[in-house]
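The entries below follow the order in which I made them.

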Amino acid sequence: VADQRKKVALLGTAFTMEHDFYKGRLTDRFGLEVIVPNTADRAIVHKVIYEELCLGVIHQSSRQAYIDIIHRLVAQGAEAVILGCTEITMLITQADCPVPVYDTTRLHAEAAVEFALGL
């Protein structure tokens, strides 16, 4: 990570948060410590993604639940939050977070443009 943060929180589907394909790459390739929400909070994050966001539904109560989860992760030392699911940006923005937010959808799109342009 270019900004020198070393401990990041990862939000996404249960698979993204619980399996190593994403966390492992961040750890192995970039030396990051990746933390995820506790079991109950992971269930909330996952449920909101599939039962609301994927359907285009946005509830203020879900936004607040995500903000509360993010604050708990920051209290555990997270220096940034990785939004590891495309739909989460419908609910959470940088304005909602006390630490930097990395929108993986935007980052991938920017990298694709740079690659296509040979930058």
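Which residues does V99 touch, not counting residues up to four places away in sequence? I found V74, A78, E79, A80, V81 and Q94, where contact means heavy atoms within 4.5 Å.

**Ground rules.** I am working from a predicted model, in which local features need pLDDT of at least 70, side-chain atom pairs count only at pLDDT 80 or more, and totals for chains, interfaces and linings use all residues. Residues are numbered from 1 along each chain as its sequence is written, and side-chain values use heavy atoms, with hydrogens and water left out.

**V99, continued.** I placed V99 in the loop between β3 and β4. Its relative accessibility is 10%, so V99 counts as buried; buried means under 20% relative accessible area, exposed over 50%, and partly exposed in between, with a 1.4 Å probe and protein chains only. I also checked the spacing to V74, one of its contacts: V99 and V74 are 25 residues apart in sequence and 7.7 Å apart in space, C-alpha to C-alpha.

**Fold.** I counted five helices and four strands in the chain. Helices (H or I, at least four residues) and strands (E, at least two) are DSSP runs, numbered from the N terminus. Along the sequence I read the pattern β-α-α-β-α-α-β-β-α. The radius of gyration is 14 Å, close to the 14 Å that the globule rule gives for 119 residues, so the chain is as compact as a globular protein of that length. That radius is taken over C-alpha atoms, and the rule is 2.2 Å times the number of residues to the power 0.38. I noted a C-alpha trace spanning about 40 × 30 × 25 Å along its principal axes.

**Contacts and burial.** How much of the chain is buried? I got 43% of the 119 residues. Of the contacts between residues at least 6 apart in sequence, 67% join residues at least 24 apart.

**Surface and charge.** The chain exposes about 6,600 Å², and carbon and sulfur atoms supply 57% of that area; the areas come from the Shrake-Rupley method with a 1.4 Å probe. I counted 11 positive and 15 negative side chains, with the centres of the two sets 3 Å apart. Lys and Arg count as positive and Asp and Glu as negative, while His and the chain ends are not counted. Each charge is placed at NZ of Lys, CZ of Arg, CG of Asp or CD of Glu.

**Core.** Which residues have the most contacts inside the largest nonpolar core? I listed L11, Y66, I88 and I92, in a core of 33 residues. Such a core is a set of buried Ala, Val, Leu, Ile, Met, Phe, Trp, Tyr and Cys residues joined through side-chain atoms within 4.5 Å. At least two core residues come from each of β1 (7-11), α2 (20-30), β2 (33-35), α3 (39-51), α4 (60-75), β3 (80-83) and β4 (101-103). I found the largest share, five residues, in α4.

**L53.** I located L53 in the loop between α3 and α4. At 2% relative accessibility, L53 is buried. Leaving aside neighbours within four places in sequence, L53 is in contact with V48, I58, E87, I88, M90 and L91. I88 is also among the core residues with the most contacts.

**R5.** I found R5 in the segment before β1, partly exposed at a relative accessible area of 24%. Beyond residues up to four places away in sequence, R5 touches L32, E79, A80, P100 and Y102. E79 and A80 are also among the contacts of V99.

**Helices.** In α2 I marked Y22, K23, G24 and L26 as buried. Just after α2, G31 takes a positive phi of about 70°. D68 lies in helix α4 and is partly exposed, with a relative accessibility of 32%.
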